[in-house]
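Subject: Structure handover

Hello,

Here is the structure I promised you. My notes follow below it.

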Amino acid sequence: MNFSFKHSRMNDPKIIASFSIITLLVAGVIIFQLLDYAAFKDALQQASEEPAEVVIATCAFLIAFILRAIAWKKVLPSMTLGQSLAGIHLSLGANHVLPLRLGEPLRVLSITKRSDISLDAATASTLTLRSADILSLIVIGVIIAPSAFSDILGWFGWLVIGLVLAIAIASWKWLKGIVKRNDTVTLPGPTAIGLTAIAWILESVLVWQSAHWAGLDVSWPDALLVTTVAVAAQIAAIAPGGFGTYEAAAVAAYATLGYDAEIALVAALTAHALKTSYSLIAGAVAMISPQPSFIGRFRLQKTEELLPESHYPDNP
């Protein structure tokens, strides 16, 4: 098969949209066949009756992304915190709409469209921090429960993590070369790496709260382990937002810790629903704020702009 033909199909919006819908439907069918609807309804009802808890969990989730934005700004000091957060939120929202985590490049596009940061600096810093983000998550999981975490990931999970490590090393070398040529770019130090690790701890607050809404009396370390396993599994997610992959990994983690699998699915779906709602709203906001609007930067040229300039006077 001709490579250019395959490449064009991979970039066809209709193909991507169809693939997104199909993967969502497949994951949805599997999950909702196993879901205890009454328990899920009760969990949502419990959340609606405790709006303060919803606000606290959501704010903890928001702060986690603000910390990641601060970490990115430390590497690219010339951009504003708002630009950094918008880029992260834009890719987050896109990842919940597109399959195969195809929203990641929008983080780079956002910052290059909204600032004077070069494409290579934006790309190298993104790859470095994203891989460091995942590796810090893995370290947390190993510290919390080394045996359980390793068993749940399995050989394929560790193979993917090995790939992430290779990307981290390559992107670090790339970024290091850019730093030598560009004094407005810096390498991520202990503070930036530490902020990414703290961000995962804050994300576990939402997981812990969702589990309690579902009726699981989980401890905070258990919620943190579930967070690490569920997010690590999303590295190889297929459906938009990792739908299905997130729930399966979270249930596996809960079951390993001794919790009921049916209630664990309710807890996982509740947490994922809240995360998805946040991601879509934050992503939508990031498209228009801060200025200049991300949408506004992409426009079709007017017909007269496409025409060559005339070398003849308007009047004969």
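P292 is found in the loop between α12 and α13. A cis peptide bond joins Q291 to P292, with omega about 0°. P290 has its place in the loop between α12 and α13 as well. The peptide bond leading from S289 into P290 is cis, and its omega is near 0°. Please keep in mind that this is a predicted model.

Overall fold

The chain has 13 helices and 0 strands. From the N terminus on, the run of elements reads α-α-α-α-α-α-α-α-α-α-α-α-α. The chain has 316 residues, and 44% of them count as buried. Residues 24 or more positions apart account for 72% of them.

Helices α5 and α6

Helix α5 covers residues 81–95, and helix α6 covers residues 105–114. The two pack at an angle of about 145°. Their axes are 8 Å apart. The crossing of α5 and α6 is right-handed. On the α5 side, the contact is made by Q83, S84, A86, G87, I88, L90, S91 and A94. On the α6 side, L106, R107, S110, I111 and R114 take part. By type, the residues of this contact of α5 with α6 divide into 6 nonpolar, 5 polar and 2 charged.

The loop between α5 and α6

L100 sits in the loop between α5 and α6. Its relative accessibility is 45%, so L100 counts as partly exposed.

R101 also has its place in the loop between α5 and α6. Phi of R101 is near 55°, again a positive value in a residue other than glycine. R101 is partly exposed, because its relative accessible area is 26% and that class runs between 20% and 50%.

The largest pocket

R101 comes up again here. The largest pocket is lined by 41 residues, and R101 is one of those that lie nearest its centre. The volume of the largest pocket is about 960 Å³.

Which elements give two or more residues to the lining of the largest pocket? They are α4 (51–75), α5, α6, α7 (119–144), α8 (146–181), α9 (190–214) and α12. Of these, α7 gives the most, with 7 residues. By type, the lining of the largest pocket divides into 22 nonpolar, 11 polar and 8 charged residues.

T270 lies in helix α12, which spans residues 261–288. Is T270 buried or exposed? T270 is buried, because its relative accessible area is 4% and the cut-off for buried is under 20%. Which residues does T270 touch, leaving aside its neighbours within four places in sequence? T270 is in contact with F40, A43, S210 and W213.

Best wishes

Technical notes:
Residues numbered from 1 in each chain as written. Predicted model: local features only at pLDDT ≥ 70, side-chain atom pairs only at ≥ 80, totals over all residues. Heavy atoms only, no water. Axes fitted to C-alpha atoms, helices over the stretch in contact; angles between N-to-C directions. Helix = DSSP H or I, 4+ residues; strand = E, 2+ residues; numbered from the N terminus. Left-handed = near helix turned anticlockwise from the far one by under 90°. Contact = heavy atoms within 4.5 Å. Nonpolar A, V, L, I, M, F, W, Y, C, P; charged D, E, K, R; others polar. Buried < 20%, exposed > 50% of the residue type's maximum accessible area, 1.4 Å probe, protein only. 1 Å grid on protein atoms, 1.4 Å probe; cavity = no way out; pocket = protein on both sides within 12 Å on 5 of 7 lines; lining within 4 Å. Points joined across faces, edges and corners; volume = space filled by probe spheres on them.
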